[in-house]
Amino acid sequence: MKTLRALLLIIAGAVCAAAAWGALAPIKLASRDELFEIPAGTYARRMAGDKVEILPAEIHLTHGANDVLLLRNLDNVPQIFGPVLIMPGQSFRLPFETVSVNDFACTAHASGQMRVIVDDMPAAGWPRLQWRAARVWKKMHS
């Protein structure tokens with residue numbers, strides 16, 4: 001019984017330590033780029049009547065962490081994003097320098113629009129822990 005109790009205390013301590021680290025540690029990412037790819041065949045599928053949703057209607061970036069949108073066109077036709085024509089095989093990097101909400105024309109969307117929201121860096125504590133948890137959740141489900 002004492003061994004089980006000690007094991008539970010160790011596990012609870014490890015969980016608390018991990019949560020404290022997630023809430024307080026500075027956010028450092030390997031790259032500030034947030035990559036989104038337009039897959040090959042997107043245009044053909046759309047012209048065939050497929051409801052192709054390859055990019056989210058809203059992209060959230062974080063100022064100072066992942067604040068560069070990187071679009072890669074793997075399709076065999078050019079795509080338009082805002083005022084930029086992205087040729088097949090090309091990539092386009094768009095850095096965001098301020099917290100903002102930005103609407104762009106985007107031919108990769110059925111609606112023809114995409115919104116990029118640049119949020120402020122989450123404060124230490126609960127907001128930072130939520131931010132990290134959301135990023136892990138997103139990676140697990142993408």
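1. Phe 92 counts as buried at 19% relative accessibility, where buried means under 20% relative accessible area, with a 1.4 Å probe and protein chains only. Phe 81 is buried too, with a relative accessible area of 2%. A word on the basis: this is a predicted model, in which local features need pLDDT of at least 70, side-chain atom pairs count only at pLDDT 80 or more, and totals for chains, interfaces and linings use all residues. Residues are numbered from 1 along each chain as its sequence is written, and side-chain values use heavy atoms, with hydrogens and water left out.

2. On to the rings: the structure holds three aromatic pairs (rings of Phe, Tyr and Trp, the last by its six-membered ring, with centres within 6.5 Å). Phe 81 and Phe 92 form one that is tilted, at 6.4 Å centre to centre and 55° between the planes; planes under 30 degrees apart would be stacked, and over 60 edge-to-face. This pair links distant parts of the chain, eleven residues apart, with Phe 81 in strand S4 (residues 79–81) and Phe 92 in strand S6 (residues 91–95). Strands here are DSSP runs of E, at least two residues, numbered from the N terminus. Ring pairs join Phe 81, Phe 92, Phe 96 and Phe 104 into a cluster.

3. Do look at Met 114, in strand S8 (residues 113–119). Met 114 is buried, with a relative accessible area of 1%. Beyond four places in sequence, Met 114 touches residues including Leu 55, Leu 69, Phe 81 and Phe 104, contact being heavy atoms within 4.5 Å.

4. The largest nonpolar core has 17 residues, of which Leu 55, Leu 69, Phe 81, Met 114 and Val 116 touch the most other members. Such a core is a set of buried Ala, Val, Leu, Ile, Met, Phe, Trp, Tyr and Cys residues joined through side-chain atoms within 4.5 Å. S8 gives the most to this core, with three residues.

5. What lines the largest cavity? Among the lining residues are Ile 38, Leu 55, Phe 81 and Cys 106. A cavity is a set of points on a 1 Å grid over the protein atoms alone where a 1.4 Å probe fits but cannot get out, and lining residues have an atom within 4 Å of a point. S4 supplies the largest share of the lining, three residues.

Notes
Helix = DSSP H or I, 4+ residues; strand = E, 2+ residues; numbered from the N terminus. Buried < 20%, exposed > 50% of the residue type's maximum accessible area, 1.4 Å probe, protein only. 1 Å grid on protein atoms, 1.4 Å probe; cavity = no way out; pocket = protein on both sides within 12 Å on 5 of 7 lines; lining within 4 Å.
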